[in-house]
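Biologist: Before we discuss the contacts, please show me the sequence and the structure.

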Protein chains: 2
Amino acid sequence: MGRNLFSKAKKMKLGKPRGTRDFLPEDMRVRRKIMDTIRTVFELHGFEEMDTPALELWEVLATKGGEEVEKQIYKFQDKGGRWLGLRFDLTVPLARVVSNTPDLPKPFKRYCISKVWRYEEPQSGRFREFVQADIDIVGSQKIEADMECLSTAVDALRALGLEDFEVKINNRKVLEGMVEVLGVENSIAEGIFHALDRLDKVGETEVARSIEGIGVGEEEVSRLLEFTRFKGDDAIAYVEKELKSSRRAVEGINELKRMIELSRTFGLDGTIVVDFSLVRGLDYYTGPVFEVKTKSRGIGSIAGGGRYDHLIEKFGGVPTPATGISLGVERLFEVLSGELRDRAAPATKVFVACIGDENMPQAVGVCRELIKRGIPSETDLMGRKLGRQLEYANSKGIPFVMMVGPEELRTGAFKLREMHRKIEHQVRLEDVPTLIRKLDGSTQQPPSQEGQ
Amino acid sequence: MGRNLFSKAKKMKLGKPRGTRDFLPEDMRVRRKIMDTIRTVFELHGFEEMDTPALELWEVLATKGGEEVEKQIYKFQDKGGRWLGLRFDLTVPLARVVSNTPDLPKPFKRYCISKVWRYEEPQSGRFREFVQADIDIVGSQKIEADMECLSTAVDALRALGLEDFEVKINNRKVLEGMVEVLGVENSIAEGIFHALDRLDKVGETEVARSIEGIGVGEEEVSRLLEFTRFKGDDAIAYVEKELKSSRRAVEGINELKRMIELSRTFGLDGTIVVDFSLVRGLDYYTGPVFEVKTKSRGIGSIAGGGRYDHLIEKFGGVPTPATGISLGVERLFEVLSGELRDRAAPATKVFVACIGDENMPQAVGVCRELIKRGIPSETDLMGRKLGRQLEYANSKGIPFVMMVGPEELRTGAFKLREMHRKIEHQVRLEDVPTLIRKLDGSTQQPPSQEGQ
C-alpha cells in the first residue's frame, strides 16, 4: 500500500493544458494586488459581488456571444448526457441570473472578478484560461449608467497607477443606421460588423474584401470605410448630416453627444473620443460601446464593454436594460508585473530562526505569539542549521529574522535582524510587533503611490 | 443584428447545471467574509498563495485520487483531441507544479482558496462545484509540519468564531501495519481502506460485508473492526502491543504519540483524539491523517487532510515529503451564513439621493467626492422620484442617505439621514466622511466578535 503502490508506478513528467498557467507566489502576489485594487474601487462605487458557476448549460452559452465565440467554448457532455460548457465571459451568466430573479432591486450593480475560458490559439498576452473583472448596471436605460461603468473602470486603472486615458466610444445604433442608409439588407449587417471589428488587426483592404464577399457593392463598401475613418468630436456633425434620414442613427448620435456632455461630471473630461470604427466583437450590444486605452507605456485596449438592452429578455426575463464593462486582468498583469513585483512584498514579516533542534517547540511558541499579535510569521519546520534557515528567509524575501536560542530563551532578550540593512536589534517578545511596524515602512519599500 | 435578431428569437427560461449555484450579493458577502478571514489567517502563518488552472491534463488527474474520485471527474476532449478534466482537488495540481519546479525554496508553504468540481449526486451540503481552502507544506518530513497545518486550520476556524474543537488523528502506517499483522495480502489492502472509510456512513455490518466480499476471512474482519473501535490516548498503548511485530505500525504509532506531545506547543492541547477508524478517502496519503470537527453547533467534519510523501515523485519530481489540510468552505458557509449575514453589511455606505432630475450631474459629483475620500457610495442612475430612491436604499440595506437638491446645492448644507435610527444630520460635504466613520460603528452592527 502507500509506498508499494507508488513504487510500482512509472514516473512521468506532466505539464498543463496549452494556454493555461500556474502562478507561483511571486506572480500571485502581483495578481492579488491587481485584483484587490480593482475590487476596492468597484466596491467604492457601490458595485456588489455576485458569483456564478464556471459551468453553464450549453443552451445558455450557445449563440449568445455570436458564432465566433461559440466555436471557442469548451463544450462537453456530463455523465447524465447533458451538454455543458465553460463560460466564455461573465455577462451571459449575469443575464441568466437576472432573467431568473425578476425581483432583484434595480439598478442591480454587480461585479465579478473571475476566470473565463476560450479555446483560442494562445499567443502573446492571450490565454485559454484568463481572468476578467466585470461591472454591470442592470435596470437603467440612462446614459449615466454607461458613464458610471466607464468612470469606475478608469478609476480602477488609475488606482493601479495607470494614467493618460483614451476612452473610445461608438454606438451600435449609428452602425445600424449606417447600414440602413446604405440600403444594405438587414440579414447581412451582422457579417459587416464582424468584418469591421477586425479593422485594427487586418487593415482596410482585407476588411473591404470580406464585406464584398458577403454581397455588398463596391461603392457601399467604400462609403462604409469612409464612415469608420471619422474620429473625434467634430466628426459627429459630419456623420449626423450623412445619416439624418435614419432615426436609429440619430438616436445613437444623440447618445454619443450626451456621453461627451457628461464626461466632465464623471471625471472623464478630455478623454472621450468618438471612433466610428469601434464595433466590439460580441453580438449582444445594442447601444453605446466603449473601449479604454492608456497611452502611457504603449498599452493597447485594457477594458471594453457596452450596452446590451435585449440580452436578459433573450433568457426569458422581462425586458431589462443593462450595460457593463470588462477589465482585462491578464493585460494588466503583463503591463504592471514588473513594478508591482518590487512593491508587492511577501505577507510574511518575520522568520523565527531556531538555534538548536531541541528548542523547536520554543521557536514555534515564539512564532505563535507573533501571529497572535497580528504579525505574519513562520518558523523553521525542517530542523535545519541556522545558516540554512537564514538562506531560506533571504530567498523568500522575508524582511526580519528573529533568533531563538538558549541564550535568548534564558534572558528573554531576542535578536531581531533587519535582513535588508543587516542591522540587529535587541528586543523583548512583547515589543516585537511595535518595533516591526515602526521599521517596516522605512526599510521595506518606496513610499506607496497607490491611488486608494 | 441587435434588435431584429433578438426579436425573432424565441424566449426560454434557462437554469444552471445541477449541483451548481449562483451567489447573489447577500450570499456573496458572507462567502467573501469567510474566504477573506481564512486567507488572513493563512498568510499570518506564512503560507503564500499559488494558483493553478481549473483544467488539467487527464493523465494528471487520472489515478491520483483513486478510482472512486476518477469516476467523479468532469472529463472531455478539447478541439485538438487532448483529454482534459476539471480538477477535483487542489492537492494534485500542487504536486504537479512542485514536481516541475524542483528549485522552489523548501519548505514551500502555499495556500489556495478556489473552486473544484466533482460529478457526484448533489445532496444537502454537497455540490458539484465547490470551494476548498487548502494549505500545504512541501519539503519537510517533520511532524511539526503536520501540526502547523492542523493548528493553522484550527486558527482559521477560531477566527470565524467557531470553538470547541476535536482533532481526530490516525496514521496510514498504523493501518498498513494492521493489515500486515493480520496477514492480509497487500493487493487488497486498498479495498479494505476504502471500506473502512465508509464506517461512519454505513455502519459496521455493511463494512464487514464489503471486506469479506474482497476475500478477507471472518476472524480477520472482526479483528480489523476491533482495532477501529479504539479511540483516545489510552488506546495507543493497547494497539502498540498488538501491532508491535510490524515496524511500519510502530513508526506510525510513534508519530501519533509525537503529535499528542506537540499539541500544547501548537495550541491544540486537549483537542487531539486518536481514532483508528479514521482513513480519509484519497489514496495518496502515507502517514498522519487528520480531521477537524467542532463540537458546538452540531457541525461535522469541517477540515481534513494528511501527509502524502510520495505524490510528487509520482509526477516525475524528486522524492519530496509533503503534508496539507483542506477546509470545506461550503460547510462553513452553511453553518455560518445565518450569523455572518447579520454582521456582513453591504460595502456601500451612502446613497446619494437626487432631488429633481436636472440635478443628476450634481448628485454624481457629490457621490464622486465621497468616493474620492474613501466612502463607498452610489447615486441614483434611474431618474426616479425621491420616494423610490429611498425605497431602493432601504432594500439594499445602505445605512446612510444624503440628499442633493436645489436647496442643499445653494447653501452647501446637506441632509444626511441615518436609515436605521431615522435621524437626520445637517452636514457640509467635506465633513461627511468623518461623520460617517463616527456614526457607523454605533448604528450599524453589534461589537465585532471576530478573532482577528
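Modeller: This is a predicted model. A salt bridge requires a Lys or Arg side-chain nitrogen within 4 Å of a carboxyl oxygen of Asp or Glu. A:Asp357 and B:Lys142 form such a pair, with their closest N and O atoms at 3.7 Å.

Biologist: How many salt bridges does the rule find across the interface of chain B and chain A?

Modeller: The pair A:Asp357 and B:Lys142 forms a salt bridge. Across the interface of chain B and chain A, the rule gives a count of 16.

Biologist: What area do chain B and chain A bury between them?

Modeller: The contact draws 115 residues from chain B and 115 residues from chain A. Of the area buried between the two chains, 60% lies on carbon and sulfur atoms, and the total is about 10,400 Å².

Biologist: Which residues of domain 1 of chain A lose the most area to domain 2 of chain A?

Modeller: Chain A includes domain 1 (18-161) and domain 2 (165-294). These two domains bury about 1,700 Å² between them, 75% of it on carbon and sulfur atoms. On the side of domain 1 of chain A, 35% of what is buried comes from three residues together, those that lose the most area: A:Ile143, A:Met147 and A:Leu150.

Biologist: Which element gives the most to the side of domain 1 of chain A that touches domain 2 of chain A?

Modeller: A salt bridge joins the side chains of A:Glu144 and A:Arg258 at 2.7 Å, N to O. The elements giving two or more residues to that side of domain 1 of chain A are α4 (67-71), α5 (91-100) and α6 (143-159) of chain A. With 10 residues, the element that gives the most is α6(A).

Definitions and conventions. Residues are numbered from 1 along each chain as its sequence is written. Chains are lettered from A and ligands numbered from 1 in the order in which they are written. This is a predicted model: local features need pLDDT of at least 70, side-chain atom pairs count only at pLDDT 80 or more; totals for chains, interfaces and linings use all residues. Side-chain values use heavy atoms; hydrogens and water are left out. Contact means heavy atoms within 4.5 Å. Buried area is the accessible area (1.4 Å probe) that two parts lose on being put together, summed over both. Domain bounds come from an automatic or database domain assignment. Helices (H or I, at least four residues) and strands (E, at least two) are DSSP runs, numbered from the N terminus.
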